Amino acid sequence: MSDNVHSIPLVRAGIDTYRQPVVFMHKDCHLCRAEGFSSLTRVEITLRERKIIASLNVVTDADWLAPDIAALSNSAWTSLGVRPGDEGFFGHAEPAESTSAIRAKVYGQKLAQDDFRAIVKDVLAFRLSDLDLAAFIASCAGDRLDVDETIALTRAMQDAGQTLDWGEGMILDKHCVGGLPGNRTTPIVVAIVAAAGFRIPKTSSRAITSPAGTADTMEVMTPVALRIADLRRVVEAEGGCLAWGGELDLSPADDLLIRIERPLDFDSDGQLVASVLSKKAAAGSTRVLIDIPVGPTAKVRSPEAAVSLAARMESVAAALGLNLRIHVSDGSAPVGRGIGPSLEARDVLAVLRRQADAPSDLRERALDLAGSLLELAQGNGPIGREQAETLLASGAAEAKFRAICEAQGGFFEPGLAPFHAVETAPVGGVIAEIDNRRIARIAKLAGAPGRKTAGVLLHKRPGERVDQGEPLYEIHAETSGELDWARDYARSSATAFTIGEGQ
């Protein structure tokens with residue numbers, strides 16, 4: 001930091017920049033002129049014993065921010081622990097040490113364990129700009145990470161956070177690679193496996209680009225933002241939990257990398273494997289089931305791609321000491337009827353409550369996964385599916401799910417959105433396919449996952465016959481404007497449903 005840098009008052013900007021610290025300063029700020037700060041400069045801010053690195057955004061409107069004040073984004077404010085009236089000291093951030101490793105990877109060199117540790121360390125310290133992160137992610141895209149590098153990246157990501165220790169015995173877990181709207185099997189699987197007497201402390205993410213993540217769906221039924229002490233209490237009492245991983249500091253670099261990776265839309269088996277398995281290892285899991293849906297509009301689009309991904313998963317899991325099983329499933333269409341947090345929660349409850357109208361595809365898929373996980377735990381051959389069916393049919397899984405919710409803070413019935421619109425078939429025929437990405441887009445335009453009751457309710461599935469004018473799906477929204485946005489997209493774009501001829 002320059003010797004002549006002075007402090008400047010700090011205020012809260014009230015702007016959510018996710019986990020990225022950002023500072024806003026006026027273009028006429030004396031400190032900016034003295035230090036030569038400009039837009040996107042990496043700025044080091046010190047307050048008492050705390051220090052952060054933030055990206056500078058320059059404000060040109062004098063009515064919004066005075067020249068002698070620095071405004072901090074929500075994450076920067078919280079990280080620094082600012083109190084009203086505080087002043088911070090500003091200076092140029094030192095260059096990140098890991099940029100040389102990133103440059104080497106861009107030029108095709110193989111990185112070592114220490115290189116990945118340095119990169120992850122700088123990611124968590126916000127020493128790398130978004131351009132640096134984008135360069136790193138692009139350099140690892142496709143097949144540019146070999147298995148050894150994938151193992152090294154996974155270990156670096158795990159070691160950067162804390163790892164839960166559950167003591168002796170098995171800790172079970174499952175993960176779906178994703179790409180299927182409505183594929184909310186996790187709550188059902190956790191309920192069945194915990195009812196069987198096994199420990200399954202499940203941590204899940206919120207949606208990033210999908211209409212709902214498991215944490216979003218669970219949050220309409222029970223609190224999910226658990227601290228580690230609460231997580232342990234719930235698991236000790238009920239054998240399982242369904243918590244949001246964002247509160248737990250497990251593989252914390254993952255969310256920061258995903259923030260850049262998602263908009264770039266790069267496919268990378270290495271980064272996917274590191275993301276998934278670093279979190280499983282950090283959660284203390286010992287036996288893990290990975291579900292890989294395969295379909296033309298799923299994340300994994302061909303059997304060959306699934307085989308390649310599975311092989312890399314198995315190699316990395318073995319290096320980490322995880323007992324892993326791969327389950328390849330049908331990814332050709334959405335699962336269940338509901339797409340969006342509350343609608344998916346209603347499907348989950350319908351299956352657990354053994355309702356006659358429960359979506360059979362969600363029920364069967366959840367039973368397959370629970371059975372496979374029970375077999376992985378017990379090594380007892382093909383009787384896991386039968387055991388899972390018994391636990392569901394007897395009501396034991398429903399009772400366990402309710403007990404887990406009560407232990408997490410209470411159970412709530414999911415609600416319904418006030419605005420609905422039915423989309424009908426333009427022609428008669430047989431539903432040939434449903435485009436996962438288009439139907440997910442409609443649900444997101446309706447407000448999901450931010451609007452918990454928003455989404456899409458399917459009336460027809462592939463293989464079913466539909467008459468002209470008969471309902472295909474129903475859009476749910478919490479505002480009329482969002483309903484109109486979703487309907488406009490549904491009608492102006494290529495339809496999410498393909499209807500073919502058939503008997």
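Two strands count as paired if DSSP finds at least two bridges between them. With that in hand, Leu172 has Arg287 as its bridge partner in β10. Helices (H or I, at least four residues) and strands (E, at least two) are DSSP runs, numbered from the N terminus. Please keep in mind that this is a predicted model: local features need pLDDT of at least 70 and side-chain atom pairs count only at pLDDT 80 or more, while totals for chains, interfaces and linings use all residues. Residues are numbered from 1 along each chain as its sequence is written, and side-chain values use heavy atoms, with hydrogens and water left out.

**The barrel**

- A barrel is closed by 6 strands in the order β1-β5-β2-β4-β3-β6, with mixed pairing.
- On average, neighbouring strands of this sheet are turned by 45° against each other, direction ignored; axes here are lines fitted to C-alpha atoms, for helices over the stretch in contact, and angles run from 0 to 180 degrees between N-to-C directions.
- Arg42 finds its bridge partner in β4 at Ser55.

**Strands β7 and β10**

- β7 (residues 172-176) pairs with β10 (residues 287-294) in the parallel sense, over 5 bridges.
- Of the 5 residues in β7, 4 are buried, where buried means under 20% relative accessible area, exposed over 50%, and partly exposed in between (1.4 Å probe, protein chains only).

**Nonpolar cores**

- A nonpolar core is a set of buried Ala, Val, Leu, Ile, Met, Phe, Trp, Tyr and Cys residues joined through side-chain atoms within 4.5 Å.
- The largest one has 58 residues, and Ile192 and Phe401 touch the most other members.
- At least two residues of this core come from each of several elements, including α7 (186-195), β9 (240-244) and α16 (396-408).
- Helix α14 gives the largest share, 9 residues.
- A second, separate core of 25 residues has Leu111, Ile119, Ala152 and Ala274 among its members.
- Beyond its neighbours within four places in sequence, Phe401 is in contact (heavy atoms within 4.5 Å) with residues including Pro187, Met218, Leu242 and Phe411.

**A loop residue to look up: Ala283**

- Ala283 sits in the loop between α11 (269-282) and β10.
- Its relative accessible area is 1%, so Ala283 is buried.
- Leaving aside neighbours within four places in sequence, Ala283 is in contact with Leu164, Trp166 and Leu250.
- From C-alpha to C-alpha, Ala283 and Leu231 are 11 Å apart in space, and they are 52 residues apart in sequence.
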